[in-house]
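Hello,

Here is the structure you were waiting for. My notes on what turned up in it follow below.

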Amino acid sequence: MGPEDENSDDFEVEMATLVRSSPVLMKTHNMGTCHIGSFVDFSQPLSVSRVVQRVFKSISVVIFQAKINLLLPFGPLAIILHYLTKKHGLVFFFSLLGIIPLAERLGYATEQLAFYTGPTVGGLLNATFGNATEMIISLYALGNGMIRVVQQSLLGSILSNMLLVLGCAFFSGGIVHYNKVQVFNKASAVVNSGLLLMAVMGLMFPAVLHFTHSEVQYGKSEVALSRFSSCIMLVAYASYLFFQLRSQHNSYNPIDEDERNAEDDSDEEEMPEITQWEAIAWLAVLTTWVSILSGYLVDAIQGASESLNLPVAFISVVLLPIVGNAAEHASAIMFAMKNKLDITLGVAIGSSTQISMFVIPFCVVVGWIMGKDMDLNFQLFETATLFITVLVVAFMLQEGTANYFKGLMLILCYLIVAASFFVHVDPATSDD
């Protein structure tokens with residue numbers, strides 16, 4: 001035991017000397033983002049036993065420590081039922097349950113990778129992989145020609161993030177911190193609200209053009225307008241990323257100095273549980289498994305609608321987004337209960353902005369490449385619902401404060417929206 005203790009002491013001294021001698025490592029160490037495991041991988045020679053030990057430890061951390069992973073067996077069970085039975089309702093339900101832990105673990109792996117990439121790139125990765133589930137499901141549905149499922153599921157993700165996720169976060173944070181007013185930075189909320197209104201404008205004109213029958217070429221002009229608007233929206237979102245991450249970086253930091261210091265103190269206690277390459281490997285594995293399950297989920301939507309006697313619109317707008325937003329839902333509530341509302345807004349409103357300004361236009365462009373007439377005509381009912389939702393949330397955010405009553409109002413608004421789609425009949429098939 002003596003030589004091993006001496007070796008470990010020598011290694012710790014070398015690490016301390018390395019951290020003090022490098023300004024970058026010193027800054028990383030002070031931020032609480034230095035992980036001793038990543039240095040061990042490079043400072044000691046790799047061996048088969050060490051690799052196997054590291055793999056089992058990573059599996060233990062990612063798979064067995066999260067209680068939500070008890071739902072993982074439902075994924076393989078859904079695949080088995082798909083080939084053994086024709087019960088699309090069970091296949092759809094089990095696929096939903098199987099995707100929930102995968103979406104949550106995607107968020108976890110992204111957070112672990114953010115320890116090594118820094119907060120700026122980490123925030124972008126979190127928003128991107130947080131919407132990976134919705135994007136994968138949409139691309140599978142688009143490949144199968146289910147354009148209305150793509151439109152309604154992406155619309156439902158926006159509504160779910162803005163009303164249900166943000167509402168539950170405000171409500172939970174308000175209950176925990178009922179004796180004080182929770183504040184957040186209004187600058188970021190105002191910019192995101194403006195982008196969401198721009199997305200509403202992009203969706204509204206093709207729908208109005210279609211229903212007023214004022215197209216130059218009926219059925220073609222709205223598709224051409226949608227493709228042009230999608231390219232403009234992608235440029236706007238890229239400009240927004242540059243504006244947020246580069247030009248106006250200081251404007252999006254928390255204004256309250258005491259709150260910033262409190263966040264820094266809490267961040268110092270947080271350490272990554274897996275290494276950088278392990279996080280990248282887990283992102284690849286989880287994304288692949290989500291892609292596989294999404295295929296079975298999309299195939300079972302129509303049969304599930306008939307067997308469960310539920311409208312396809314309700315399944316697409318309500319059920320699918322709740323599963324895809326599981327990671328955002330959990331993290332937004334957690335950060336709100338920790339009084340970190342700026343991060344909560346980044347998760348909920350930032351995710352809605354990315355779906356409306358990036359994922360939807362991206363699907364239009366991909367459909368253009370695939371020869372599918374995917375457009376921004378989401379029909380009048382869906383477009384009006386989105387427009388009213390954006391207005392309600394914008395009014396809620398204009399004061400820069402949050403409480404449990406605002407959260408309760410957002411949740412109740414979401415219940416009204418869900419009930420509306422339960423009794424809504426999609427007119428798209430009759431129009432065609």
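F171 has a relative accessibility of 30%, so F171 counts as partly exposed. This residue sits in helix 9. Please keep in mind that the model is a predicted one.

F171 belongs to a nonpolar surface patch of about 650 Å², together with I175, Y404, F405, L408, L412 and L415. Two helices each supply at least two residues of the patch: helix 9, spanning 147–176, and helix 19, spanning 404–422. Of the contributors, helix 19 gives the most, with five residues.

On the protein as a whole: there are 20 helices and two strands. Of the 432 residues, 50% are buried. Among contacts with a separation of 6 or more, 82% are between residues 24 or more positions apart.

Next, the charged pairs. Side chains of opposite charge can pair when their charged atoms come close. Searching the whole structure gives four salt bridges. Three of them are described here.

- E278 and R54: the closest N and O atoms of this salt bridge are 2.6 Å apart. The pair links distant parts of the chain, since E278 lies in helix 13 (residues 276–299) and R54 in helix 4 (residues 48–64), 224 residues apart. E278 has a relative accessible area of 12%, and the cut-off for buried is under 20%, so E278 is buried.

- R227 and D373: this salt bridge has an N to O distance of 3.7 Å. R227 counts as buried because its relative accessibility is 17%.

- K406 and E399: in this salt bridge the closest N and O atoms are 3.4 Å apart. Buried or exposed, which is K406? K406 is buried, because its relative accessible area is 8%. E399, with a relative accessible area of 52%, is exposed, as the cut-off for exposed is over 50%.

To go through this on screen, one could begin with the patch residues on helix 9 and helix 19, then turn to the pair of E278 and R54, the pair of R227 and D373, and the pair of K406 and E399.

Regards

Key:
Residues numbered from 1 in each chain as written. Predicted model: local features only at pLDDT ≥ 70, side-chain atom pairs only at ≥ 80, totals over all residues. Heavy atoms only, no water. Salt bridge = Lys/Arg side-chain N within 4 Å of Asp/Glu carboxyl O. Helix = DSSP H or I, 4+ residues; strand = E, 2+ residues; numbered from the N terminus. Buried < 20%, exposed > 50% of the residue type's maximum accessible area, 1.4 Å probe, protein only. Contact = heavy atoms within 4.5 Å. Patch = residues over 30% accessible without salt bridge, like charges linked within 9 Å, V, L, I, M, F, W, Y side chains within 5 Å. Areas by Shrake-Rupley, 256 points an atom, 1.4 Å probe, with all protein chains shown as cover.
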